[in-house]
Amino acid sequence: MAVTGRDTPPVASPISPTSKPEAWHRSHPLKPIPSLTWTLLGLLVHSGPLWVWMAFRLMVFVVLLLPFFLRTMRWYFTSRRLLKNIPYGRNSRNYLDLYTPTGDPPSPRGFPVVVLMTGGAWIIGYKAWFAVVARCLMRGGVMCVTPDYRNFPQGTVKDMVYDTHTAMRWVFRHIRDYGGDPDQIYLVGQSAGAHLSFLAMLDQAELRLGTGSPSCGGAEGLAAGRRSPPLCGLAALELGVAGLGYRSRTS
């Protein structure tokens, strides 16, 4: 039967419970990776000995760095100055690590705090990627917080920005309990983490200027129960690393 007027959108047929895993597998964005890997290996082999030599050099480079990585991993899993897997939200992967400096804080209010948002192309981000940087800052008397956030396909960019806001809300509410200064909190991101940090700060700017609802929808969670901290300036922007400063303001 012909349909007059505006075309009606197609209606997807229901998926039976037994076919859900198969449908998920067919639509998963990582499905082509095995076949593409074999294709790439074939191209490398047939492109001459130079690519094989470069791949061998890369493997040697990884092996040479392995002792350093193993030492860092040993410190990460055994250090008493590192508090791991503190929940900051209700969603999956809403956990953070807290690096606590030794000694006395530089001011009576506590240690300065840096929140490190890791990169990972929005799909392989993990809070431990910043362990080396956080350890170096910790030695300099800086408290570091490294939150996890939902990766794709667990969540979209909007979900990741929401997790960023939720992590910052946790920091402002609880960092004093761990010896941090709530008036010296800085948000730093690398790669995908820099992107999410900028989006979160744009939400903050919209809230402060009153230009409308936040573009990514996550700032409502940050403002719940406490006034949103205003944007107070750009601390650093270089080579894909975004550092942005907050200043807390209680209700």
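# Chat about rings, cysteines and a surface patch

Mentor: Let's start with the rings: this structure holds 6 aromatic pairs, where rings of Phe, Tyr and Trp (its six-membered ring) pair if their centres lie within 6.5 Å. It is a predicted model, in which local features need pLDDT of at least 70, side-chain atom pairs count only at pLDDT 80 or more, and totals for chains, interfaces and linings use all residues. Residues are numbered from 1 along each chain as its sequence is written, and side-chain values use heavy atoms, with hydrogens and water left out.

Trainee: How are the rings of Tyr76 and Phe77 arranged?

Mentor: Their planes are at 90 degrees and their centres 5.2 Å apart, so this pair is edge-to-face. The cut-offs for planes are under 30 degrees for stacked, over 60 for edge-to-face, and tilted for the rest.

Trainee: And what about Tyr126 and Trp129?

Mentor: That aromatic pair is edge-to-face, with 5.5 Å centre to centre and 75 degrees between the planes.

Trainee: Is Tyr76 buried or exposed?

Mentor: Tyr76 is buried, at 4% relative accessibility, while Phe77 is exposed at 57%. Buried means under 20% relative accessible area, exposed over 50%, and partly exposed in between (1.4 Å probe, protein chains only). In the other pair, Tyr126 is partly exposed at 29% and Trp129 is exposed at 52%.

Trainee: New topic: how many disulfides are there?

Mentor: The search of the whole structure finds 0 disulfides, a disulfide being a pair of cysteine sulfur atoms within 2.5 Å.

Trainee: Which residues form the nonpolar patch on the surface?

Mentor: Leu50, Trp53, Met54, Phe56, Met59, Val60 and Leu64, with about 750 Å² of accessible area together. Areas come from the Shrake-Rupley method with a 1.4 Å probe; for residues, only the protein chains shown count as cover. Nonpolar side chains (Val, Leu, Ile, Met, Phe, Trp, Tyr) are joined within 5 Å, like charges within 9 Å.

Trainee: Where does Met59 lie?

Mentor: In helix H3, residues 49-78, and Met59 is exposed at 54% relative accessible area.

Trainee: How many helices and strands does the protein chain have?

Mentor: There are 7 helices and 7 strands, taken as DSSP runs numbered from the N terminus (H or I, at least four residues; E, at least two).

How values were computed: Patch = residues over 30% accessible without salt bridge, like charges linked within 9 Å, V, L, I, M, F, W, Y side chains within 5 Å. Salt bridge = Lys/Arg side-chain N within 4 Å of Asp/Glu carboxyl O.
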